[in-house]
Amino acid sequence: MFNSSSNLEERKKSKRKGKIWQLFRATDFQSLMYPCFVISRILGIFPYKISASNVEICPSCYMLSTAVVCVYGTLQLVILYDMNVAKNILFQTVTRRLERNSFYIFGAFITVTTFILNKPRMRFLRSILKHSLKLSPVSYQHMSKLIHLKDICGFFFVLISLVYSLMEMHFSLLRKWAIVYLNLVMYQMDMLYMNCVCVLKACFKQINDSLTHIREVAMNGEPYILNDTGYKQRNQFLLIEIEAVKKQHQAVSEAVHTLETIFSLQLITMAVMTFTQITFNLYFIITQMKSSISISDYEKSIYYSYSILITAYHLIKIMLIVWACETGKRQAMEIAITVHEIFNSTSNEQIKYELRLFSLQLMHHKNTFSIKGLNMDASLLTSVRN
């Protein structure tokens with residue numbers, strides 16, 4: 001009836017054949033997340049060793065991650081000291097000083113939080129890997145078209161754009177390195193969150209597809225078509241399948257809650273930092289437009305271009321995350337509609353009792369991807385606009 005067992009067999013066959021990773025051709029969780037994991041390991045924020053069935057800490061990668069955080073933390077302290085105590089870094093306005101301080105402080109907090117939550121994040125990735133085994137290779141291929149594109153192209157776009165802009169600015173080499181590295185780390189962690197949301201959304205879709213098939217069986221196998229034995233067997237089969245889907249939904253909903261717990265500090269900081277950067281840089285753009293600066297003033301035109309780049313980058317990033325969370329929430333809400341349709345399609349009291357329990361479970365798990373009261377969906381952009 002369901003294709004979960006066949007998906008496992010296909011995955012086992014692919015593993016035996018030694019199938020290598022291909023761009024836009026993901027067949028499992030490992031191949032789907034491969035670009036994100038590789039880039040994160042290069043940045044020193046992915047101290048894990050992942051296989052087709054498990055995620056565990058890699059000692060050498062963990063040591064690298066520890067060293068990177070220590071070096072970067074020291075660099076951040078030096079930069080903040082030079083800006084606020086030694087006054088070695090001067091700014092033309094107080095607004096620019098506030099913007100730079102918020103950038104380094106929030107960025108350092110995200111980096112340190114990422115390192116501290118390495119082990120809880122490992123357990124979450126292990127959990128989502130287990131849940132994703134029920135997804136079909138076709139689902140992974142559909143997701144990989146977006147995930148691989150944004151992970152690879154987005155990373156190099158951010159890297160090249162920042163390097164090109166910073167080359168023309170009169171910053172020290174350490175400051176340039178800190179800005180590039182910090183932006184890349186924040187981008188990778190935000191994209192890791194978005195990728196996990198997309199996988200959970202696919203899990204909800206697979207649950208809804210299973211319920212849709214149950215509804216079709218319930219509607220097509222009426223008592224007057226089946227004999228007594230066939231009718232009882234069909235109802236028993238439906239009860240077993242509803243119970244299995246209900247357990248799967250419970251497990252995926254718990255994964256959503258764990259996702260919120262693991263990424264809560266990061267996402268709150270990301271949201272505050274994103275809107276802070278957008279506000280400050282829009283202010284810089286508007287003030288420079290009104291000041292009638294000549295285009296021949298090369299240095300100021302570079303700052304102007306940099307402000308536009310950073311504003312566009314943060315807007316696109318927050319819209320991608322909001323889109324993933326909004327569509328994931330809607331996919332989870334469709335399950336309740338399908339359960340209601342199955343309830344209206346059957347007259348068996350046992351099946352209706354199981355569906356009532358399922359409805360109570362759905363009411364208990366909202367699955368709205370909210371972080372400490374902050375909804376990561378369309379309401380986030382709506383509230384900001386209002």
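How are α2 and α7 oriented to each other? They are roughly antiparallel, a label given to angles over 145 degrees, while under 35 counts as roughly parallel, 65 to 115 as roughly perpendicular and the rest as oblique. This is a predicted model, in which local features need pLDDT of at least 70, side-chain atom pairs count only at pLDDT 80 or more, and totals for chains, interfaces and linings use all residues. Residues are numbered from 1 along each chain as its sequence is written, and side-chain values use heavy atoms, with hydrogens and water left out.

Start with the α2 and α7 pair. Two packed helices are described by the angle between their axes and the distance between the axes. Helix α2 spans residues 29–43. Helices here are DSSP runs (H or I, at least four residues), numbered from the N terminus. The angle between α2 and α7 is about 165 degrees, and their axes are 10 Å apart. Axes are lines fitted to C-alpha atoms over the stretch in contact, and angles run from 0 to 180 degrees between N-to-C directions. The α2 and α7 crossing is left-handed, meaning that the near helix is turned anticlockwise from the far one by less than a right angle. From α2, the contact (heavy atoms within 4.5 Å) includes Phe-29, Cys-36 and Leu-43. From α7, Tyr-181, Val-185 and Val-199 are among the residues involved. The contact has twelve nonpolar, three polar and no charged residues. Ala, Val, Leu, Ile, Met, Phe, Trp, Tyr, Cys and Pro count as nonpolar, Asp, Glu, Lys and Arg as charged, and the others, Gly among them, as polar.

Now turn to α4. Helix α4 covers residues 94–116, and α7 covers residues 173–220. Their axes come within 10 Å and cross at roughly 55 degrees. The two helices are therefore oblique to each other. This crossing is left-handed too. Arg-100 and Phe-103 of α4 take part in the contact, as do Arg-175 and Val-185 of α7. By class, the α4 and α7 contact has ten nonpolar, four polar and two charged residues.

Glu-99 also lies in α4. Its relative accessible area is 0%, so Glu-99 is buried (under 20%; exposed is over 50%, partly exposed in between; 1.4 Å probe, protein chains only). Glu-99 touches Gln-277, Phe-280, Asn-281 and Phe-284, not counting residues up to four places away in sequence.

Last, the cysteines. The count of disulfides is zero, taking a disulfide as a pair of cysteine sulfur atoms within 2.5 Å. For Cys-36, the nearest cysteine sulfur is that of Cys-196, 8.0 Å away. Cys-36 is buried at 0% relative accessibility, whereas Cys-153 is partly exposed at 45%.
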